[in-house]
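Biologist: I am new to this structure and would like a close look at a single part. Please take me through a pair of packed helices and then the sheet beside them.

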Amino acid sequence: MMMIIAEFFVVILKVLWAFVTAGARWVVRPKEKSVAGQVCVITGAGSGLGRLFAKEFARRRAILVLWDINSQSNEETAEMVRQIYHETETPIAKDGPIGGVEEVPAFQPQVYTYVCDVGKRESVYSTAEKVRREVGEVDILINNAGVVSGHHLLECPDELIERTMVVNCHAHFWTTKAFLPKMLELNHGHIVTVASSLGLFSTAGVEDYCASKFGAIGFHESLSHEIKASEKDGINMTLVCPYLVNTGMFKGCRIRKEIEPFLPPLSPEFCVKQAMRAILTDQPMVCTPRIIYMVNFMKSILPFEAIVCMYRFLGADKCMYPFLAQRKEAMNNNEAKNGI
């Protein structure tokens with residue numbers, strides 16, 4: 001009994017120390033780790049946040065492995081990465097054979113592109129095998145690919161619901177199963193889950209998207225605990241939960257106009273820079289903006305009716321309706337054109 005009491009007090013001290021160290025990160029910015037020469041796989045790299053992640057890792061001289069279902073857009077990202085490699089290339093001064101100094105080219109990272117539909121596990125596993133064979137073992141995995149159906153639940157075809165769940169959630173299982181074994185063997189690696197604030201709290205009209213992001217976060221948290229339980233302290237996990245990002249995915253989404261100036265959509269560049277800071281300092285989770293932490297906490301302690309009142313005040317209860325209406329109108333227009 002005395003042992004349990006003593007251990008309980010040790011746990012309390014460790015919890016308090018965790019609060020202190022977490023608070024210190026807000027005051028003193030931790031040193032960023034180097035990812036130069038490390039192999040980084042990014043899913044959904046052909047556009048949006050995936051393309052910006054690729055550019056940020058390229059500036060830090062990582063070896064990029066870009067996955068996307070669209071070959072053309074993926075190659076466009078690769079060309080941007082090559083340009084960054086060229087701009088950041090710095091020759092190394094080295095003593096010459098006759099006492100002089102000659103410039104030796106620095107390590108030149110490369111970028112590799114693969115067409116992969118992460119919604120199909122056979123495609124994920126076969127592409128992962130190609131990466132291991134052609135590039136090497138993966139150090140960093142960015143699970144970024146995502147889709148949204150853009151339909152109310154009762155109007156959404158079952159196929160689109162399944163597609164959303166598979167791409168936004170199930171694909172994380174498959175990419176992780178493909179690359180985690182070697183990370184565990186080497187006790188080295190970093191897995192990043194690009195989720196959403198809609199995986200922490202939900203809103204009306206995007207049931208499939210919210211469910212997929214809740215699932216991705218649940219998977220990420222469970223995997224984090226499993227890695228901790230296996231005592232593999234060389235493998236890090238980072239969960240990225242941004243608010244609405246202005247990438248066009250949710251074009252038309254609006255909260256109450258009086259509130260919008262205080263909580264505008266995030267610029268993709270800002271979102272990725274915040275995520276990169278978290279990744280490079282091994283931060284377990286980053287919510288952007290920081291008010292998302294508070295909203296998530298309040299959701300956990302407030303009665304449901306109180307949450308509904310707050311949603312209605314903010315205009316968050318029907319914020320997706322304009323987006324859904326635009327999607328429906330666009331589909332009707334396409335059907336009309338195809339019918340002519």
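Modeller: In this predicted model, helix H2 (residues 48–59) packs with helix H3 (residues 71–88) at an angle of about 25 degrees, and their axes are 9 Å apart. An angle under 35 degrees counts as roughly parallel, and H2 and H3 are therefore roughly parallel to each other. Their crossing is right-handed. On the H2 side the contact is made by Arg 51, Ala 54, Lys 55, Ala 58 and Arg 59. These meet Ser 73, Glu 76, Thr 77, Met 80, Val 81, Ile 84 and Tyr 85 in H3. By type, the residues of this contact are six nonpolar, two polar and four charged.

Next comes the sheet. It is an open sheet of seven strands in the order E5-E2-E1-E6-E7-E8-E9, with parallel pairing. Strand E5 (111–115) and strand E9 (285–288) stand at the edges; each has a single partner strand, so one side of each is left without a neighbour in the sheet. From one strand to the next, the twist averages 15 degrees. H2 packs on this sheet, where it touches E1, strand E2 (63–68), E6 and E7. The direction of H2 makes about 165 degrees with that of E1. Helix H4 (residues 121–134) also packs on the sheet, touching E1, E2 and E5, and its direction makes about 155 degrees with that of E5.

Within the sheet, strand E6 (residues 140–143) is covered on both faces. Ile 140 and Ile 142 are buried on one side, and Leu 141 and Asn 143 are buried on the other. In general, side chains of a regular strand alternate between the two faces of the sheet. E6 pairs with strand E1 (residues 39–43) in the parallel sense over three bridges, and Leu 141 in E6 is the bridge partner of Val 41. E6 also pairs with E7, in the parallel sense over four bridges; here Ile 140 has His 190 in E7 as its bridge partner.

E7 in turn pairs with strand E8 (residues 235–242) in the parallel sense over six bridges. Val 194 has Val 240 in E8 as its bridge partner. Strand E7 (residues 189–194) also holds Thr 193. With a relative accessibility of 1%, Thr 193 counts as buried, because the cut-off for buried is under 20%. Leaving aside neighbours within four places in sequence, Thr 193 is in contact with Asn 143, His 172, Ala 216, His 220, Thr 238, Leu 239 and Val 240. Among these contacts, Asn 143 is one of the buried residues of E6, and Val 240 is the bridge partner of Val 194.

Note on methods
Residues numbered from 1 in each chain as written. Predicted model: local features only at pLDDT ≥ 70, side-chain atom pairs only at ≥ 80, totals over all residues. Heavy atoms only, no water. Axes fitted to C-alpha atoms, helices over the stretch in contact; angles between N-to-C directions. Helix = DSSP H or I, 4+ residues; strand = E, 2+ residues; numbered from the N terminus. Parallel < 35°, antiparallel > 145°, perpendicular 65-115°, else oblique. Left-handed = near helix turned anticlockwise from the far one by under 90°. Contact = heavy atoms within 4.5 Å. Nonpolar A, V, L, I, M, F, W, Y, C, P; charged D, E, K, R; others polar. Buried < 20%, exposed > 50% of the residue type's maximum accessible area, 1.4 Å probe, protein only. Pairing = 2+ DSSP bridges.
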